[in-house]
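Subject: Structure for you to look at

Dear colleague,

I am passing on the structure we spoke about, with the sequence and the model together. My notes on it follow below.

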Amino acid sequence: MICLEGLVKSFQKIRVLDSLDLTIEAGERIALVGSNGAGKTTLIRCLLGEYTHDGRVFVDGLAPRRDRAEVLKRVGFVPQLPPPLKMPVEDLIAFAAGVSGADGARIVRVAGELGLDAQEVGKRPFMKLSGGQKQKLLIAIALGRDARLLILDEPAANLDPAARRALFDMLAQRTNDTMIVSSHRVDEVASLVTRVVEMERGRVVFDDRLVQGPAMAPLSAQLRIAKAEPEFMAAMEEWGLAAEGGGLVWRGVIAGPDRLRFMHFLSRYSGLLASAAFETRIAEGCHNETIDICA
Amino acid sequence: MNKLPLAAGLDVAESLRSRWFLLYASVFGGIVALLMIFGVTESRVMGFTGLSRLLVTYIQLCMAILPIFILISTVRSVASDREAGVFEYMLSLPIPLGAWYWGRLLGRFVVVLLPVVSAMALAFAWGVARGAEPPWRLFLIYSGLLFSLSVCFLGLGFLISTLVRSSDVAQSAAFLLWLALLVFIDLILLGVMMREQVSPEILIGISLANPLQVFRTAAMALFDPQLVLLGPAAFVILDRFGQGGYLAWAMLYPTLMGVGAAALGYWRFRSGDLV
């Protein structure tokens, strides 16, 4: 479905995508994760044909830059930040449906399933809607078309719990579609995805398939390090672990879908680790698997 | 379905809702209203009376206001749309780049030209209704000149928008372009260059190449082609071209310049980063 070969994108001599190779098969559901500046948005814009680049990008064998309209017919995109469009909601739906050859009524119906009455707010300027309403409408436009590739950038960021549930149900039903869900946290989208791709400084640094089931349960971790390293300690805090013993012992729980990334992260500091112990927590108070690693 | 009309309609609707359009339409409507209120249609100045006088005054004011208005409003809205992420979303929809670019340009052209010509047409109709002799030839020629001037500056505005990414820089570039063109009209820098005995061919070349000067000369040539009003370069050019030939140049050249600039902008747009 998607093939990226040696993809390079630079802005004023700064390489944002650095010889990136990635293949995504049809039907795969990817969580694209990484910190700010990792290159996720740039990668998405290359897929949408919005950036020139070196290297090759193919979607179903077509190049998004060259075969723009043909590629974008297959793509439903939800941006992280809704654009400040002044046009009324009904105009936006009409335009999106018109250029995509989609049925506007279907978009309105999907919006309704997400809890947005698009007809009621039809005359209101898009930019005057609340953050959640904007997000719902953009999701409805992406899902209310015959798109086979969904590119969703933090799709649930502004949604209330009910809309979030409805969105995840809708996405779960689209079993044949390929999905790229960009997110800062894997646990947000863990139930949707089958593969995690982590980017850092324009490269793929982690790429693995998620196994649903017990392996997705939270992981209780206790780490002992040989010396208090500031960079490691800062990273531990970001992962949500708490320090004991002057920063030499770290305890906490890692969300199930993040465990592979966490292990990958730890491998970079293997020289610093004195010991590590992990327990998988299938249910509260139950330990079914313990791994002890002593340096 | 052809997607160009969709993009054009989108731009027309967006412009009609925007504050710049309200201001723009008010300015041109207001000019005509003021000219009527102050009785320009009734006055006799330099041999022109009634509607002819109103049209002549109106076209002079258009020359001063229209180019900078078109340039600034175009580059501002296009560049700020790009900065704010509007392009990122709208260009993720399956619309061909040609339909998007030319559609928006067409929509903007309609929006820019409509108030200017409508105000003139309303004044014309009002004058005729009050029994004035309708100066059809003048009206048609001025409509043609306004058309070519609008195409010219719209094309330049779109070109600047594609070359410059920040809205602040784009507005500054548009303003500087207008200033440069304004400086090189007959009564300002060209006059100084003439005093400094710059070659007449260069002066005439600049005069013919500057769309503002071309428009000004054509507009004035219709009512008083005298040296003191036209300026020396325009006078010489008119003498060589003749009125008919110069009017043809004044309509064709700015139009071609605008279309050329827009085409260059399109090439730049489609060959670079879209957002």
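Two strands are taken to pair if DSSP finds at least two bridges between them. Please keep in mind throughout that this is a predicted model.

Strand β1 of chain A, residues 2-11, is joined to β4(A) by 5 bridges, and the two strands run antiparallel. They belong to an open sheet of 3 strands in chain A, ordered β2-β1-β4 with antiparallel pairing. Its edge strands, each pairing on one side only, are β2 (14-24) and β4 (54-59) of chain A, and the twist from one strand to the next averages 20 degrees. Helix α1 of chain A, residues 40-47, packs on this sheet, where it touches β1, β2 and β4 of chain A, and its direction makes about 120 degrees with that of β1(A).

Turning to the domains, chain A is divided into domain 1, covering 2-209, and domain 2, covering 214-294. The C-alpha centres of these two domains of chain A lie 32 Å apart, and their contact takes 7 residues from domain 1 and 8 residues from domain 2. On the domain 1 side, the elements of chain A that give two or more residues are α7 (186-189), β8 (195-200) and β9 (203-209). The residues on that side divide into 4 nonpolar, no polar and 3 charged.

As for the two chains, their contact takes 24 residues from chain A and 23 residues from chain B. On the side of chain B, two or more residues each come from α1 (4-17) and α4 (86-90) of that chain, with α1(B) giving the most, 5 residues. By class, this side of chain B has 15 nonpolar, 3 polar and 5 charged residues.

Finally, the largest nonpolar core holds 150 residues, of which I107(A), A140(A), V181(A) and L145(B) touch the most other members. Helix α3 of chain B, residues 50-84, supplies the largest share of this core, with 15 residues. If residues up to four places away in sequence are not counted, V181(A) touches I30(A), A31(A), L32(A), L152(A), P155(A), V189(A), L192(A) and V193(A). There is also a second, separate core of 9 residues, which includes L219(A), I225(A), F232(A) and L241(A).

With best wishes

Notes
Residues numbered from 1 in each chain as written. Chains lettered and ligands numbered in written order. Predicted model: local features only at pLDDT ≥ 70, side-chain atom pairs only at ≥ 80, totals over all residues. Domains from an automatic or database assignment. Helix = DSSP H or I, 4+ residues; strand = E, 2+ residues; numbered from the N terminus. Nonpolar A, V, L, I, M, F, W, Y, C, P; charged D, E, K, R; others polar. Axes fitted to C-alpha atoms, helices over the stretch in contact; angles between N-to-C directions. Core = buried A, V, L, I, M, F, W, Y, C linked by C-beta atoms within 7 Å. Buried ≥ 20, exposed ≤ 12 C-beta atoms within 10 Å, placed from the backbone.
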